Amino acid sequence: MSTPAVQLRQASIHQGDREVLGDVNLEMAPGEFVYLVGKTGAGKSSLLKTLYGALPLKGGEGTVAGTDLRKLKRRQLPKLRRQLGIIFQDLNLLTDRTVDDNLHFVLRATGMRKQKERDSRIAEVLHAVGLPAVGGQRPFTLSGGEQQRIAVARALLNQPKLIIADEITGNLDPETSLEMLNLMRELARQQSTAILFATHDDRLRESYQARTLHCVDGKVIND
């Protein structure tokens, strides 16, 4: 039986000393695509931050990519985040470097020393997101949708067990948003990577139905 990508049991999600979500129980299997929704202030961001170690898990039990969140120390954060792909609406691509250089930067930072290995992995992830020929371009020369795909490629570099996508279609037009959703669904299937897709866009959820976690009234409701 495969290990869950995410497992929370009676978890208490805090923002500082204030509990924002209580008694959270959720599990995500490898390769599963799940939506996360909730109004501003409902605890969605705090939940995501807890999953990638930016906020401590103060109550209950929780594991992400095999890491026990209750025992997580600051020095262990890099190891946890190498198991994750995190994509934000603000892409944080290095605009003064080429796409290839952006991706080399990440791989060097996570310990891949040999250039041939980095070149091979970069070619794989750019192919996976449908942009095999843009490595020599700088991000600002690409469309918004293409830049978002580069951010997805960056998240895939270390073969993560979980990708957290936080409102990544917020700056995209409806057609490009749908393309991005379809790409993420396909990557979940092909790469066996669990994807937690936070969104405010109900049209996306209507176009592709999947399990949805609702942050509401201090709880996480599993539809």
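The structure is a predicted model, in which local features need pLDDT of at least 70 and side-chain atom pairs count only at pLDDT 80 or more, while totals for chains, interfaces and linings use all residues. Residues are numbered from 1 along each chain as its sequence is written, and side-chain values use heavy atoms, with hydrogens and water left out.

**First stop: the largest pocket**

Select Arg81, Leu84, Ile86, Val106 and Arg154, which lie nearest the centre of the largest pocket among its 19 lining residues. A pocket is here an open set of points on a 1 Å grid over the protein atoms alone, where a 1.4 Å probe fits, with protein on both sides within 12 Å along at least five of seven lines; lining residues have an atom within 4 Å of a point. The space amounts to about 540 Å³, a volume being what is filled by probe spheres set on the points, which are joined across faces, edges and corners.

Next, display helix H2 (77-82), strand S6 (84-88), helix H3 (99-109) and helix H5 (144-156), each of which supplies at least two lining residues. Helices (H or I, at least four residues) and strands (E, at least two) are DSSP runs numbered from the N terminus. The lining comprises 11 nonpolar, five polar and three charged residues; Ala, Val, Leu, Ile, Met, Phe, Trp, Tyr, Cys and Pro count as nonpolar, Asp, Glu, Lys and Arg as charged, and the others, Gly among them, as polar.

**Second stop: the second largest pocket**

Select Thr40, Gly41, Gly43, Lys44 and Ser45, the residues nearest the centre of a pocket lined by 15 residues. Strand S2 (18-28) and helix H1 (44-51) are the elements that give two or more residues to this lining, and H1 contributes the largest share, three residues. About 220 Å³ of space lies here, with two nonpolar, eight polar and five charged residues in the lining.

Five aromatic pairs are counted, with ring centres of Phe, Tyr or Trp (its six-membered ring) within 6.5 Å; planes under 30 degrees apart count as stacked, over 60 as edge-to-face and the rest as tilted. Select Phe33 and Tyr35: their ring centres are 5.2 Å apart and their planes at 90 degrees, so the pair is edge-to-face. Phe33 and Tyr35 form one aromatic cluster with Phe197 and Tyr208.
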